[in-house]
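Let's read a few features of a structure together, one at a time. Have a look at the sequence and model first.

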Amino acid sequence: MALSPEADRPADLPAEEATAHSAFLRLSRRAASLIGSVVLTVLGLLMVTFTIGRVVPVDPLLAVVGDRAPEHVRERAAIELGLDQPLWRQFLRYLGEVLQGDFGNSVLSGQPVLTDIARFFPATLELATTATIMGVFLGVPLGVLAATRHGRWQDQVIRVVALAGYSVPVFWLGLVGLLLFYAELGWVAGPGRIDVVYEYTIEPVTELMLVDTLLAGDTDAFFDAVSHLILPASVLGYFSLAYITRMTRSLMLGELGQEYIVAARVKGLSETRVIWRHAVGNIMVPLITTIALSYAYLLEGAVLTETVFAWPGLGLYITQSLFSADLTAVLGATIVIGLVFIGLNLLSDLLYTLVDPRAK
Amino acid sequence: MRRRTTFAAMALSLGLSTGLLGALGPALAATPPDTLVMAKNIDDMITLDPAECFEFSGGEIVAQMYTRLVTPDPKDFSQLVGGVAESWEISPDGDKLTFKIRPGLKFHSGNPVTAEDAAWSLQRVIILDKTPAFILSQFGWTADNVKAHVVATTPDTLEITLVNKFAPTLVLNALSAGVGSVVDSKLVLEHEENGDLGYGWLKNQSAGSGAFKLLTWKAKDAVALEANPDFYLGAPAMKRVIVRHVGEPATQQLLIQKGDADIARNLSPDQIAELTKSPDFELQAEPKQSVLYLGLNQKNEILANPKVRDALRHAVDYEGLATNLLQGQWKVHQSFLGEGTFGALNDNPYSFDVEKAKALLAESGVGADPKITFDVPNTSPYIDIAQAIQGSFGQAGVGVELVQADQKQILTKYRARNHDMVLMYWSPDYLDPHSTTDYFANNPDNSDQGTAKTIAWRNAWDIPELSRQTGEAALELDPEAREETYLDIQRQVQDEGAYVLMFQQVEQTVVRANVEGFVSGPTFDTVTYAGVTKQ
């Protein structure tokens with residue numbers, strides 16, 4: 001027999017309590033399925049990453065003891081790391097450690113992977129958040145403008161700008177940006193997060209440079225940090241802008257053709273109200289997904305941008321760990337990225353219910 | 001109306017970004033006068049404990065933080081001078097060395113440097129038995145016997161006894177490597193956990209008496225050092241040295257151009273040529289003892305044929321590669337001991353001769369158009385070198401299939417003896433010919449289970465006679481006879497070996513014109529920052 005809220009209701013409960021009871025059941029089912037899918041996703045992620053890490057044709061001991069270690073040193077390290085065990089046992093051992101909150105030590109830094117991530121992630125967070133803010137504040141109006149001026153020169157220009165943001169390699173754009181704004185014009189500071197003059201005087205509290213410089217009460221250092229941030233954030237922001245503009249434009253085009261827009265115009269509503277209130281209001285849900293996706297992508301580690309700008313973020317951390325066959329670090333960072341994706345998905349789910357009452 | 005609103009929103013956003021960009025004004029350029037900033041790829045650093053550190057970048061930093069018992073003279077690297085030891089004596093039979101500790105020496109912590117610290121440091125290397133421990137354990141020291149053989153007899157006298165006899169110069173050269181660093185035993189033992197001799201703590205700390213102490217090391221980001229005012233050779237002029245991890249050479253070039261870095265360490269020949277057009281930059285070129293060679297796996301029937309190996313040695317355009325492609329970063333050198341090493345053979349008997357190569361191939365009887373695979377690291381300049389070699393081998397009639405991969409992937413394959421031909425780089429572990437000879441000319445057990453996985457073993461080159469000769473050279477007490485043996489071994493390897501020995505590295509460092517006194521030296525741990533000054 002299929003279960004329904006009605007079937008769940010004990011016969012002796014009054015109707016009001018029964019409604020509360022079924023709401024509670026619905027909620028707990030939703031929570032259980034959410035937790036279930038999060039656990040499954042993370043487990044799947046772990047399994048795939050772990051397997052890829054172990055089957056790549058790179059000897060993991062090279063990262064730990066180097067190429068010139070005598071055989072007995074290699075063998076001892078293999079036993080210490082459990083690398084002499086079958087793959088499934090290695091995975092179970094790793095899973096057991098992860099469940100206890102131990103992500104292992106990075107071979108390269110000798111630090112627990114979580115400590116490393118706690119240091120590298122804020123750099124990426126700072127960069128990606130600034131870039132996304134730029135992308136949203138420019139991309140949404142540009143997309144709206146392109147849609148409202150559909151087929152005219154404004155639309156053409158915006159489409160070219162967006163297309164370029166999609167097609168131009170971020171790496172190249174970063175280098176050109178550095179050459180122009182840092183090397184030639186001297187408008188912004190160069191690679192890195194802050195000038196060496198300030199670097200060791202700022203106490204790392206949050207590891208967010210803008211926040212830490214303010215906490216230290218050093219405005220010169222704050223502006224120096226902003227000056228370092230602005231260029232890589234703009235490069236990434238351009239990418240984000242391109243994505244958000246394209247999506248906004250196509251969502252808006254779909255919306256502007258709807259009958260209710262015509263009806264609103266016929267009713268004599270101002271064009272601003274029609275566009276910003278009605279049309280934009282109606283594309284909010286998919287737009288939030290777009291923005292969340294773009295943000296998650298940037299948080300995942302803007303690998304090339306971080307390389308060009310010597311920006312010590314998660315992208316740089318993962319790349320270097322991969323090149324050095326530091327698999328513990330790669331695994332740990334992958335889980336964090338997975339959790340960020342899941343977190344942002346949940347957040348955008350929550351935001352739907354706020355902006356669109358139907359989603360409740 | 002609608003246009004005005006949309007434009008207003010955009011103007012606000014644009015203003016936010018571009019306004020900030022312009023309003024910040026010119027960025028700071030030029031580093032502080034008492035701070036040295038270096039742009040370098042330091043992604044290989046995994047530890048700063050001298051008993052474990054064996055990576056290029058880590059070894060360089062350890063060399064700044066610790067003083068070794070004896071050390072190569074930065075003015076003449078072929079000579080050893082005292083470090084923590086002021087003087088030493090060698091017993092007539094060569095198996096006992098007695099060191100007098102330099103008086104008045106202090107660790108960064110303020111603790112005095114004693115013979116006890118020196119003895120404990122060497123014992124610690126053997127007991128921990130990490131990767132570079134073999135440099136000391138080859139003398140026959142084990143965790144069980146080291147305390148009896150490395151002893152502080154008085155507070156300023158250290159006595160070491162060899163179990164396996166070796167040439168005294170070899171012993172001193174080995175002690176001048178990073179593993180010979182003298183560690184502050186009192187400070188380290190304060191941080192000991194579960195009898196680990198401070199291993200867990202010392203990975204990212206400093207406890208030495210070198211020119212600089214560690215301020216901070218952020219893995220994959222930067223190392224900051226602070227001058228030691230009590231350094232025995234005098235306080236360094238630079239109060240701070242910051243080594244920034246900059247992986248991308250183009251970024252390094254920009255940083256030094258703008259004055260945000262004083263030294264750039266990983267630039268390409270083109271970038272160097274571009275920079276040194278300006279009088280603001282100077283090029284420092286110092287020969288390293290590192291060599292670049294082709295490894296020829298003797299498990300491959302074609303490569304096992306001596307005539308084929310000889311043909312291949314005539315099928316490389318050494319001069320063309322060095323001049324046109326490597327532009328001074330590598331020079332032609334056809335033996336495994338780099339020029340400047342004791343006993344190095346500096347003859348370059350092979351030149352590019354397609355006809356001779358063809359004739360040798362015809363004599364070899366391997367048949368027409370033999371084919372081999374060629375494993376190459378997927379970074380510059382290795383790919384370019386490999387493509388040039390593929391071309392010249394092709395002219396001689398040998399087909400080459402290039403297989404590009406990450407360096408670690410190639411090493412894994414190389415260690416498993418699964419390659420045909422490989423392009424590889426070798427850098428000695430310490431300043432003695434034995435370090436390199438042992439790898440190129442020693443293969444005591446050529447079976448797949450062989451435990452001495454030397455370069456000779458990796459290429460399955462079975463050489464009982466040469467292995468014996470290599471062992472003897474390490475024991476030879478008479479320097480002239482020793483040198484003669486090394487020259488002989490190199491000639492044999494040059495003519496018959498499972499290698500095509502091609503180039504020796506010349507490290508090119510670009511410094512800003514106001515920077516002086518940076519020394520790179522012949523190996524990875526002879527780099528010295530202590531003498532750097534800025535005008």
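Q: What should I know before I start reading?
A: This is a predicted model, so local features need pLDDT of at least 70 and side-chain atom pairs count only at pLDDT 80 or more, while totals for chains, interfaces and linings use all residues. Residues are numbered from 1 along each chain as its sequence is written, chains are lettered from A in the order in which they are written, and side-chain values use heavy atoms, with hydrogens and water left out.

Q: Is Glu286(B) buried or exposed?
A: Buried means under 20% relative accessible area, exposed over 50%, and partly exposed in between (1.4 Å probe, protein chains only). Glu286(B) counts as buried because its relative accessibility is 17%. You'll find Glu286(B) in strand β12 of chain B, residues 281-296; strands here are DSSP runs of E, at least two residues, and helices are runs of H or I, at least four, both numbered from the N terminus.

Q: Which polar partners does the side chain of Glu286(B) have?
A: A polar contact is a pair of N or O atoms within 3.5 Å; within protein, one must be able to donate a hydrogen and the other to accept it, and residues adjacent in sequence count only if both atoms are side-chain atoms. Here the Glu286(B) side chain pairs with the side chain of Gln284(B) at 3.3 Å and with the backbone nitrogen of Ser520(B) at 2.9 Å.

Q: What about Asp420(B), and where is its nearest side chain of opposite charge?
A: A salt bridge puts a side-chain nitrogen of Lys or Arg within 4 Å of a carboxyl oxygen of Asp or Glu. Asp420(B) is buried yet has none, with the nearest side chain of opposite charge, Lys413(B), 7.8 Å away. Its side chain does make a polar contact with that of Asn300(B) (3.1 Å), and the backbone nitrogen of Thr373(B) lies 3.0 Å from one of its polar atoms. Asp420(B) sits in the loop between α16 and β16 of chain B.

Q: How many residues of chain B touch chain A?
A: Contact means heavy atoms within 4.5 Å. By that rule, 68 residues of chain B meet 71 of chain A.

Q: How many salt bridges link the two chains?
A: There are six between chain B and chain A. One salt bridge joins Lys453(B) and Glu71(A), at 3.6 Å from N to O.

Note on methods. Lys, Arg positive; Asp, Glu negative; His and termini not counted.
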